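Please read it with the structure open beside you.

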Amino acid sequence: MIKSVGSNWIVTLVTVVAVYFLTPFTIHKLGDVGYGTWTLINSITGYLGLLVLGVPMASVRYFAQHVATGDPRKLNEAIGSCTALYLLLGGIAFVVGAGLYFFFTRTYDIPANLHGDARWAFAVTVLFVSVGFVALLPNAVLAAHDDFVPRNIIRLWGVLLRIGLTFGLLALHASLTALALVQLACMVFDFVLCWLLVRRRYPATRMRLADFNWGMTRAIFAFSLYVLVLNAGARLSFETDSIVIGAFMNVGSIPYFTVANSFIIYLMEFLIAIAAVVMPTATRLQTQGNSAQLREIFLKWSKIALSLTIAAGLFLIVLGPRFIAWWVDPTFERPAGEVLQILMVSYLIFLPVRGVALPILMGLGKAGLPTIGFLVAGVLNLGLSILLVRPLGLAGVALGTAIPNVLFAGAVFLQACGELDVSVAQFLRYVVPRAVLGALPVLALLLWFKLQLDVRGLAALAGAGLAMAVVFAVTWVFFVYRNDPYVDVRAWLPRLRARVRV
């Protein structure tokens, strides 16, 4: 499991590095208004993804069940049923996308010089989302087989392709349509290579409409409805802010929120790398009746997730605004930095739950409370953002996101403890105290860099980050994880030294 999660982390880190170079380049090529329009297009068309009805997560769960029982016939029936669903839902998404096209062109005040480009980009993005439904199948098959490492190698090649195409096409002609075509090309590349990998490693696996099974389809569809609600809540929570800002402020303000939120999104991707492995593992352990190992995974990986969130979160809260000023532009430091700090404080609580507790519940089929809770949190997010955007601006939108996320995390955490027969006191005693105490030296060091040394610029910020990483590593090895019953990092050091000598 560590190997699979580790390969997911590598992809996330490489993606973050890619975004580090691509975001300022894209903003400077398109301008604030152009980049804001591109973000708005993705926010609106992103709602088409809800029409997939949660089938991707449901497919992973059912594929993993049939892999665990060693039944290739049932696996192919599940794949054939999902293929039919994807084709149907993709067609519906394309039709609905045409309606959203008219909503986009008539609702938002897009500058005249961007009208034609924005409309073509919207149309290509609708095509990308609709075709992308079927493109999800190979990934689900590989996840069900725990083949995360080879799958992630393909994802790394996809990131490199995205970098090359983005720099190349925008250098030749900076346009929103070029960005939309890059998305479409990268999706086709990923689908083709992943399916070739599936066919090579699992020759008996097929993607045929002839394997369609009504009974299997009903089972997948029933579970996917829960996931649909979950995805709707996630969309409202994380992808609606640009729409609110564009409607109640102006399109040019969107990049300030988007830049700050991008740090959070990619940190969440880092934690979802855990979730991608935890969910099929939970399904497999439930099928095998191994409750003890399920509890161990819950406790162990919750502590790891909290540790990683604290490490990245403290740096973003203290020095994140100054990094934004260097990375994009000094004018971004105050507005984007304030948004980043508000969001990150709430995500210290939300991300460990999103990375471990939520996927465990989904893997166990206990999707009721998380899905309804996420939807309620999303609606509350939308309402609070609209309510607070006028008096508080971007900070109000950030608060509208932060408050519901904390409430949702608390509800999911309590249910996970109940389902796994882990008391709240037992969880808090193992996961929280040492991690929080171990964070104090890291926080003190970062505040010293900010208040005493007034670090700015890439070299100074990189030095502060490196020093923080050293203090974090020493503290976590010799205090936070010392004599840990599940992950005693200190006990690994003699073996690591022996390997280095060899």
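**Notes on the helices and the core**

1. In helix 5, the buried residues are Leu137, Pro138, Ala140, Val141, Leu142, Ala143 and Ala144. Buried means under 20% relative accessible area, exposed means over 50%, and partly exposed lies in between (1.4 Å probe, protein chains only). Helix 5 covers residues 137-144, and seven of its eight residues are buried, so the rest of the structure largely encloses it. Asp146 follows helix 5 and has a positive phi, near 60°.

2. A word on the source. This is a predicted model, where local features need pLDDT of at least 70 and side-chain atom pairs count only at pLDDT 80 or more, while totals for chains, interfaces and linings use all residues. Residues are numbered from 1 along each chain as its sequence is written, and side-chain values use heavy atoms, leaving out hydrogens and water.

3. Now the whole chain. It has 18 helices and zero strands. Both are DSSP runs numbered from the N terminus: helices are H or I with at least four residues, strands are E with at least two. Of the 502 residues, 54% count as buried. Take the contacts (heavy atoms within 4.5 Å) between residues at least 6 apart in sequence: 85% of them join residues at least 24 apart.

4. Which residues touch the most other members of the largest nonpolar core? They are Phe63, Phe104 and Phe298, in a core of 149 residues. Such a core is a set of buried Ala, Val, Leu, Ile, Met, Phe, Trp, Tyr and Cys residues joined through side-chain atoms within 4.5 Å. Leaving out residues up to four places away in sequence, Phe298 touches Val356, Ala357, Ile360, Ala416, Cys417, Leu420, Val422 and Phe427.

5. Helix 12 spans residues 333-363 and bends by about 50° at Tyr347. The bend is the angle between axes fitted to the seven residues ending at a residue and the seven starting there. Helix 12 is mostly covered, with 24 of its 31 residues buried. Ser346 lies in this helix. Ser346 counts as buried because its relative accessible area is 5%. Beyond residues up to four places away in sequence, Ser346 touches Ala402 and Val406. Gly365 follows helix 12, with a positive phi near 80°.

6. Look next at helix 4 (residues 115-131) and helix 7 (residues 176-201). Their axes are 7 Å apart and the packing angle is about 15°. Axes are lines fitted to C-alpha atoms, for helices over the stretch in contact, and angles run from 0 to 180 degrees between N-to-C directions. Helix 4 and helix 7 are therefore roughly parallel. The cut-offs are under 35 degrees for roughly parallel, over 145 for roughly antiparallel, 65 to 115 for roughly perpendicular, and oblique for the rest. Among the residues making this contact are Trp120 and Phe128 of helix 4 and Leu184 and Met187 of helix 7.

7. Compare helix 13 (residues 368-392) and helix 14 (residues 394-419). Their axes come within 7 Å and cross at roughly 160°. That is why helix 13 is roughly antiparallel to helix 14.

8. Last, Lys29, which sits in helix 1 (residues 2-45). Is Lys29 buried or partly exposed? Its relative accessibility is 38%, so Lys29 counts as partly exposed. Lys29 and Ala174 are 145 residues apart in sequence, yet 6.0 Å apart in space, C-alpha to C-alpha. Leaving aside neighbours within four places in sequence, Lys29 contacts Leu170, Ala171 and Ala174.
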